[in-house]
Amino acid sequence: MTVGAGITVEDGSLMVLGNKVLGEVHDNVVVTPASGGALANGAFIGVESDQKGSRRVFPIGKLEGLRFMCVFRFKMWWMTQRMGSSGQDVPFETQFLIVETKEGGHFGEGSKTEGEESAVYTVFLPILEGDFRAVLQGNELNEIEICLESGDPDVDGFEGSHLVFVGAGSDPFEVITDTVKTVEKHLQTFHHRERKKMPDMLNWFGWCTWDAFYTDVTSEGLKQGLESFENGGVPPKFVIIDDGWQSVSMDSTGVGFLADNTANFANRLTNIKENHKFQKDGKEGHRVEDPSLGLRHIVSEIKEKHALKYAYVWHAITGYWGGVRPGVSEMEHYDSKLAYPVSSPGVESNEPCDAFNSIAKNGLGLVNPEKVFHFYDELHSYLASAGIDGVKVDVQNILETLGAGHGGRVKLARKYHQALEASIAGNFPDNGIISCMSHNTDGLYSAKRTAVIRASDDFWPRDPASHTIHIASVAYNTVFLGEFMQPDWDMFHSLHPMAEYHGAARAVGGCAIYVSDKPGQHDFNLLRKLVLTDGSILRAKLPGRPTRDCLFSDPARDGKSLLKIWNLNDFTGVVGVFNCQGAGWCKVGKTNLIHDVEPGTVTGVIRAKDVDYLPKVAHETWTGDAVIYSHLGGEVICLPKDASRPITLKSREYEVFTVVPAKKLSDGVTFAPIGLIKMFNSGGAIKEYESKSSTTVDMKVHGSGLFGAYSSARPKRITVDSEVMEFGYDVESGLLTIDLRVAEKELYLWNITIEL
């Protein structure tokens, strides 16, 4: 069966650009070439069958002896990574799979011949078809299977021809992007991240109330927290008022869920307005009807007093964990009805979930899908009138369990997401939404506007197994999620044994940076490595992803690999290196476990080409030589093209490297701007950079503090805004430094001229 476009089935094998990827392909497998997509080498995989059943499993072919990385849902809400080399290693609920074959050579003159660059990368994306959702899984015969589900016993007929999209090429990151863009064109139900408006809150430091107060948050606590940051000189510019502000209660027959660090999942929403804790002089059991005495009074106060730019609040996609109480006064028109969620077998086989079990026991008040836009619009318009700028919409994957009677999980999710995005567009013009607990493809392939997504399970401050797992999971999940939205690495605590580790990761993640510190419990020295004096952050341009040489290694379990995460600034790259060994999600215990209490020291290498897209920000005549600056080591390293530098990290250690293309000026001097060297992402400060003559370099730089650059010769003169500056120069390392004072204006750019 010939497919064309580099993907064929020949003699029972799925061949990709001349490489065997799957063997013993079943006779009922059909392959359809992609037409007019972003990818030259792509095809759809489907099956011929009786095409009946609300849940069907179809074996495709055997995967053996090839390295792969996949992301799968280990919980109903969240994904994590798994590496392996055979089909039986592919878990249930796999939503993304990339396979490496080594005997490439089908890419013409541009082919590389060394190491990983000679590989062919094949991406498998299980997608949506009609009312069905496909995922991948492996079996004991090493076969890759397609699991197809509708989520409604009455929805049992499907076409089956376009269940998985397969794309291939020599650059893994380009293949993944082009594969998702081809599926975007095919489905026409979602947009790629590059087409979405990013909310401005991503560019500022923030505070979330969750770990500080959990559901006991109050307006007084909110004020105390903001004052605490301001007193330390690091004021947040956005706040997320997490769970605890809404009007909720349990049914009289409800079975409560009680824990000190979570919500009562049996509660239901009883009013779209705030509870008494956020009303002026509010009293429990008494509702204030005057809007100026409700949420608006505290939002107005904190914005004015603390120069907050954005205030977000939390809500579940169904209103609250237990939904909207049916028949409650002032909410009857949403036509909420009690529904009992049913989890899919694939999810059930992974980690059990207290939240889901509680909701399944108590039922969920589900707003009529035909009226859910009115619910969102009335909720969001009220919030907007109170000065709220956006929402963190949580518990999203619960919709997949409620499809029965609504045409299935895909149809229900799409109706809810279309309504949600329409309401966001109408009420929060900065596209103010963070998507949370939403790692299923029902939602990802239905999101045309939502631009920010929580990228992993929560930051768990009291679980020592979770911290290295968190960093690795976000990085690998981002390989997939980052094509749809900007990943959000979650809050963390600035005062915590792993605070620097988490902070460094977020600095290279390209994400929002926000903490959930309790009032008075902060490490301001750490925060100043992330936050400038005006409250802005040096955010990298892309979703932070593992470097190419880390894609198929297992930095959490193999005992020998470091995790390197790369990103890009306007003129520099950044690489965070982490020793994540010692803990991982256990498929037997179905929980996060420490499997090595004393993981050893690990050595790897740092290279300029770890920043995969560095040539895109380098000057046209770049030869490949680079200057690397280590944040913790404070070391300037000149690396010739293709050279590497060893790095050794103990358990739970990290380092951040700024990677700068070296530029040789016509007078023979080599120059490379590093940035604000006391910040984790130093190079993010450089906003403009050019050399107008053979002896002069001009830059525009954001922020204050110690600015550094590499110069092979001592500069003759440096001016900042035309004022001649004193500077330091170390002859041995070539590091020149100048001290930039705090600007009077927000987001001010200093004009720096260096005469060489």
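Predicted model: local features only at pLDDT ≥ 70, side-chain atom pairs only at ≥ 80, totals over all residues.
User: How are helix α10 and helix α11 oriented relative to each other, roughly parallel or roughly antiparallel?

Analyst: Helix α10 covers residues 466-481 and helix α11 covers residues 499-509. Their axes lie 10 Å apart and pack at an angle of about 5 degrees. Angles under 35 degrees count as roughly parallel. The relation of α10 to α11 is therefore roughly parallel.

User: How many residues in the contact of α10 with α11 are charged?

Analyst: On the α10 side the contact has His 467, Thr 468, His 470 and Ile 471, and they meet Tyr 501, His 502, Ala 505 and Arg 506 in α11. These residues divide into three nonpolar and four polar, and the number charged is one.

User: Is strand β12 largely enclosed by the rest of the structure, or largely exposed?

Analyst: From β12, Phe 132, Ala 134, Leu 136 and Gly 138 point one way, while Arg 133, Val 135 and Gln 137 point the other way. Residues on both sides are buried. With seven of the seven residues of β12 (residues 132-138) buried, the strand is therefore largely enclosed.

User: Which residue of β12 is the bridge partner of Glu 129?

Analyst: Strand β11 (residues 128-129) runs antiparallel to β12, and two bridges join them. The hairpin of β11 and β12 has two residues between the strands, and Gly 130 takes a positive phi near 60 degrees there. Across this pairing, the partner of Glu 129 is Phe 132.

User: Does His 522 count as buried or exposed?

Analyst: His 522 is in the loop between β26 (513-515) and α12 (524-527). Leaving aside residues up to four places away in sequence, His 522 touches Ser 228, Phe 229, Ser 494, Leu 495 and Asp 517. Buried means under 20% relative accessible area. At 12% relative accessibility, His 522 therefore counts as buried.

User: Which side chain makes a polar contact with the side chain of His 522?

Analyst: The side chain of His 522 reaches the backbone nitrogen of Gly 520 at 3.2 Å. The side-chain partner, at 3.0 Å, is Asp 517.

How values were computed:
Residues numbered from 1 in each chain as written. Heavy atoms only, no water. Axes fitted to C-alpha atoms, helices over the stretch in contact; angles between N-to-C directions. Helix = DSSP H or I, 4+ residues; strand = E, 2+ residues; numbered from the N terminus. Parallel < 35°, antiparallel > 145°, perpendicular 65-115°, else oblique. Contact = heavy atoms within 4.5 Å. Nonpolar A, V, L, I, M, F, W, Y, C, P; charged D, E, K, R; others polar. Buried < 20%, exposed > 50% of the residue type's maximum accessible area, 1.4 Å probe, protein only. Pairing = 2+ DSSP bridges. Polar contact = N/O pair within 3.5 Å; in protein donor to acceptor, adjacent residues only side chain to side chain.
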